[in-house]
Amino acid sequence: MTSPDLSPDPPGATTGQTPYRVLARKYRPTTFADMVGQEALVRTLTNAIANGRLAHAFVLTGVRGVGKTTSARIMARALNCVGPDGTGGPTATPCGVCDNCRSIADDRHVDVLEMDAASHTGVDDIREIIDGVRYTPVMGRYKVYIIDEVHMLSRNAFNALLKTLEEPPPHVIFIFATTEIRKVPVTVLSRCQRFDLRRIDADVLAKHFAGIVEQEQVAVEPEALALIAQAADGSARDGLSLLDQAIALSGMAGADARITAEQVRGMLGLVDRSRVIDLFETTVRGRPADALKILDDMHRDGADPLVVLQDLMQFTNFLARAKVVPDMVLGPEVPEAERKRGQALAEQLGQPVLARCWQMLLKGLGELQAAPVPQAALEMVLLRIAYAAGLPTPDELLRTAGAEGASGRAPPVAGAPSPPPAAGSAALTPPPPRAEAAPPRPLPGPAAQLKPQAVADPADDAPQTPVPTDFRALVELFAARKEMDIYGHLYAGAHEVRCEPGRLEVRLRDGSPRTLASDVMRLLGDWTGRRWVVTVSGAVGEPTLQEQDRAETDQAIADARQDPLVRSLLEAFPGAEITDVRRPGDPDPASETDETDLIPDPEGADEDEDL
Ligand SMILES: [Zn+2]
């Protein structure tokens with residue numbers, strides 16, 4: 001907080017001339033007290049420092065974005081802090097003002113070395129480090145080596161490292177960070193004190209974000225924060241990136257900005273919760289006509305069928321949990337309307353009904369993903385559930401069978417659905433078994449309603465674009481869809497940090513539109529029919545596609561110059577230049593510049609690294 005670089009800007013700074021700084025960077029914790037949701041780590045370290053029982057190597061593991069490198073840096077400060085008067089010892093509460101604290105915060109402390117193993121996998125990189133280990137620290141108490149993504153090191157590199165870990169000089173401390181602890185050799189792990197950084201709970205994140213928006217002087221509805229916290233999936237950094245986008249969408253930060261749950265839902269491609277509950281309720285109450293009507297409306301408003309189905313599953317799960325541990329599930333963080341209706345439904349619906357509903361939705365999930373028109377598939381799923389509402393659950397069947405013995409009452413079978421219960425609530429409490437099996441009837445109304453819907457709007461439901469699996473394919477999708485503006489920004493200005501179906505993390509060059517990430521998120525969602533979370537990261541990431549293509553062309557031109565035929569051509573035509581090289585089927589020349597290493601292509605130069 002005290003380092004000028006990291007303290008929050010004065011209020012309103014974000015709207016003035018000051019360049020905007022992404023929230024994840026602006027609010028990166030600089031003390032353990034600021035760390036969100038990692039109390040266990042903080043407590044253990046505090047004790048170790050207080051008791052003078054520090055290990056010489058630590059490994060921090062956890063999913064991306066939970067704060068591994070941030071923790072490592074705070075540890076480096078804690079170990080090297082000398083206090084405001086220069087006489088202090090290692091402390092769990094680094095002062096933030098001494099030379100050591102400040103230069104670590106600015107990434108310029110000579111004794112704190114940070115290395116990203118994703119890009120330095122080889123044994124020579126490690127040798128360089130190990131050579132330095134012999135020398136005592138220059139300005140700090142300890143030499144601290146932070147190695148991020150340590151699992152990416154080659155085996156030879158690990159072996160070289162191991163020798164030092166076996167007998168570390170007293171002034172040296174290693175801090176490793178990794179997302180994949182299983183790939184770190186046991187020989188290395190056994191010499192480290194291990195900290196597992198937990199995914200941060202959504203409600204903890206929401207509280208954290210609430211504090212930040214207050215400092216930013218942006219009004220955000222609590223429900224909007226809860227939605228962002230949920231989408232962040234345990235990562236404070238992802239959540240802050242989404243919050244950034246929400247602020248950008250609401251028309252920049254400032255006194256008038258107000259972010260509603262509605263906006264965030266739109267941004268994330270989420271569906272209004274109360275409509276999901278309406279849909280759920282009409283369906284399980286066996287009112288298919290009402291359910292289809294609601295679904296139609298949602299479809300018109302742009303709701304993605306797959307998201308609707310997933311929301312229904314989530315709500316089913318929510319109710320099932322609410323039946324068992326109501327106090328835990330129906331807490332104050334749940335919006336009031338949802339809490340009230342959820343409570344009522346949880347009391348009325350039997351666990352077997354919920355279990356059956358879950359199974360049918362789960363089965364429907366696969367069908368939806370395979371269906372050419374997902375909306376139609378979702379309708380069929382809901383109709384099945386609505387008609388099943390009139391059927392007894394398996395345990396009721398058993399009871400009935402027990403009561404009636406082999407009296408010949410045929411259990412209803414799937415091929416002969418009973419009609420939907422007349423009006424309303426028959427299905428809510430486990431329905432009393434009917435005295436007589438209802439005679440099969442042709443499907444009433446809804447089936448007729450279904451037909452035009454299923455074929456309506458062919459343009460809307462045009463065959464869905466396959467989900468791109470790598471960054472280039474993803475970016476080219478924007479060209480194919482004629483979103484040339486966005487394509488241009490992505491091609492020339494986006495550094496891939498991580499790209500997998502449903503999740504994209506990029507670093508954007510300065511001057512990229514602030515809504516770029518949310519536009520990409522929305523369009524990808526529309527095109528691929530699944531939810532995407534797009535976050536902006538401070539990690540260095542890969543070169544942009546444009547840079548990659550340029551490097552490739554340069555390399556090809558350099559190669560071509562060596563070609564005897566080309567050389568003679570160039571001599572024959574003085575002043576001629578090679579501007580491009582086309583050799584179909586050639587291996588990627590860029591890859592030849594890679595250093596020799598034993599690790600296959602790093603898949604995510606990822607990580608915790610903020611700026
Ligand atoms: Zn200090």
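**Helix packing and a parallel sheet in a predicted model**

Phe318, Leu319, Ala322 and Lys323 in helix 14 meet Gly342, Gln343, Leu345 and Ala346 in helix 16. Two residues are in contact if their C-beta atoms, placed from the backbone, lie within 7 Å. By class, this contact of helix 14 with helix 16 has 5 nonpolar, 2 polar and 1 charged residues. Here Ala, Val, Leu, Ile, Met, Phe, Trp, Tyr, Cys and Pro count as nonpolar, Asp, Glu, Lys and Arg as charged, and the others, Gly among them, as polar. The model is predicted: local features need pLDDT of at least 70, side-chain atom pairs count only at pLDDT 80 or more, and totals for chains, interfaces and linings use all residues. Residues are numbered from 1 along each chain as its sequence is written.

The axes of helix 14 (residues 305-324) and helix 16 (residues 336-348) come within 9 Å and cross at roughly 70°. Axes are lines fitted to C-alpha atoms, for helices over the stretch in contact, and angles run from 0 to 180 degrees between N-to-C directions. Helix 14 and helix 16 are therefore roughly perpendicular (65 to 115 degrees).

The protein has 25 helices and 10 strands. These are DSSP runs, numbered from the N terminus: helices are H or I with at least four residues, strands E with at least two.

Five strands form an open sheet in the order 2-3-4-1-5, with parallel pairing. Two strands pair if DSSP finds at least two bridges between them. Strand 2 (112-116) and strand 5 (193-196) stand at the edges, each with a single partner strand, so one side of each has no neighbour in the sheet. The twist averages 15° from one strand to the next.

Strand 2 and strand 3 pair in parallel over 5 bridges. Glu114 stands opposite Ile146 in strand 3. The chain crosses from strand 2 through helix 5 to strand 3, and this β-α-β crossover is right-handed. That is, with the strands pointing away from the viewer, the path from the first strand over the helix to the second runs clockwise.

Strand 3 is largely enclosed by the rest of the structure, because 6 of its 6 residues are buried (20 or more other C-beta atoms within 10 Å of a residue's own, with C-beta atoms placed from the backbone). Lys143, Tyr145 and Ile147 point one way from strand 3, while Val144, Ile146 and Asp148 point the other way. Strand 3 is joined to strand 4 by 6 bridges, and the two run parallel. Tyr145 stands opposite Phe174 in strand 4.

Terms used:
Angles under 35 degrees count as roughly parallel, over 145 as roughly antiparallel, 65 to 115 as roughly perpendicular and the rest as oblique. A residue is buried if 20 or more other C-beta atoms lie within 10 Å of its own, exposed if 12 or fewer, and partly exposed in between; C-beta atoms are placed from the backbone.
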